[in-house]
Amino acid sequence: MPSRRRVLSGIQPTGAGKHLGNYLGAVRHWAAMQDDFECLFFIADLHSLTITPDPTELRAQTRKLIAELLAMGVDPSKSALFAQSHIPEHPELAWVLSCLTGFGEASRMTQFKEKGGGNVGLFNYPVLQAADILLYQSHMVPVGEDQRQHLELTRDLGQRFNSRYGDTFTVPDPYVQKSAERIKDLADPTAKMSTSKGGPGVLWVIEDDKATTKKIKSAVTDTGREVEYDVAAKPGISNLMTIHAIATATSVEQVQDDFAGKMYGDFKGAVADAVVEMFAPVRKRYAELIADPGYLDSVLREGAATARPIAAATMVDVRDRIGLLAPA
Ligand code: TYM
């Protein structure tokens, strides 16, 4: 068991890049936790295979994601950053856990239901995610609100294994921070901002400042004129208020006070400026990092060197407990 509390989280490489929701809901929390905890962050490239990406694109997107994560504040001198596929214990533990998962239990996972079926990899997706987490004896898993159900399954599987075979896994606390907001699509504020949706409502962390400003100024807002926080009646304005509050490190209440009596147009201009300012250092750093693929690869190499022994030790224990013979 680690002496400092251990944090683990993952993010998928597929898609045009990471968006504002990934940053506000997850990665900025990762960056903030690095000084206080032992942190392991990984690129969930095996999970991305569920959409059978083009191989050349997957490689490029993975490098892009390393650069994005470093630019957003993941610091390889404090945290291990690695690729899931570099640690073969992930799919190995996923197999073991899949044999403890009920068919009905896996069928009830919303992500699988929402996609209307698909391949067996997609069906098994949450079990691989549980393996990612349990393998490292993690205490905390900082994720956005949309991952809550996957964390619940992880806890169930960890507890099930422990009660059947004896204490083996740390069962992580449900850890969706209050501030891990569900950031909504700017053009469709009742849906979450998501990579797969794309389009004018998704704000990429790495894009032109002008594109960011345009998307925010064109964000769908609600009838009425008041800048008021009311998710049910004013989903568009409430989403922009959340974004503004985080970007300027204040509260939605404060935003509401500051913009009382102001027009939607003025408010959107202020949100755009705040987001462009928040991302300015990230965008600058990204441009430097992406130009150095050798360095990006070295970060993953070192990350795997830290992560692999932890994963390997857990698997030695797991194999023994379930009755597999150790190789002679
Ligand atoms: P992924 O790659 O879809 O998203 C990465 C992180 O971003 C958060 N997020 C959001 N937060 C707020 N608002 C949004 N609109 C929004 N969209 C995404 C997600 O909650 C997540 O924290 N299954 C995971 C990857 C994964 C993982 C793991 C995470 C695989 N194994 C083990 C933690 C631990 C996923 O697809 O995240």
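**A guided tour of the predicted model**

Select helix 4 (residues 89–98) and helix 7 (residues 120–134), which pack at about 120° with their axes 8 Å apart; axes are lines fitted to C-alpha atoms over the stretch in contact, and angles run from 0 to 180 degrees between N-to-C directions. Helices are DSSP runs (H or I, at least four residues) numbered from the N terminus. Among the residues in contact are His-90, Pro-91 and Leu-93 of helix 4 and Asn-124, Val-127 and Leu-128 of helix 7, contact meaning heavy atoms within 4.5 Å.

This is a predicted model, in which local features need pLDDT of at least 70, side-chain atom pairs count only at pLDDT 80 or more, and totals for chains, interfaces and linings use all residues. Residues are numbered from 1 along each chain as its sequence is written, and side-chain values use heavy atoms, with hydrogens and water left out.

Next, select Leu-20, Leu-69, Leu-81 and Phe-267, the residues with the most contacts inside the largest nonpolar core, which has 57 residues. Such a core is a set of buried Ala, Val, Leu, Ile, Met, Phe, Trp, Tyr and Cys residues joined through side-chain atoms within 4.5 Å; buried means under 20% relative accessible area, exposed over 50% and partly exposed in between (1.4 Å probe, protein chains only). Helix 12 gives the most to this core, eleven residues.

Around Phe-267, display Val-227, Ile-237 and Leu-240, which are among its contacts beyond four places in sequence.

Finally, select Glu-152 in helix 8 (residues 148–165). Glu-152 is partly exposed, at 33% relative accessible area. The C-alpha atoms of Glu-152 and Ala-83 are 24 Å apart.

How values were computed
Helix = DSSP H or I, 4+ residues; strand = E, 2+ residues; numbered from the N terminus.
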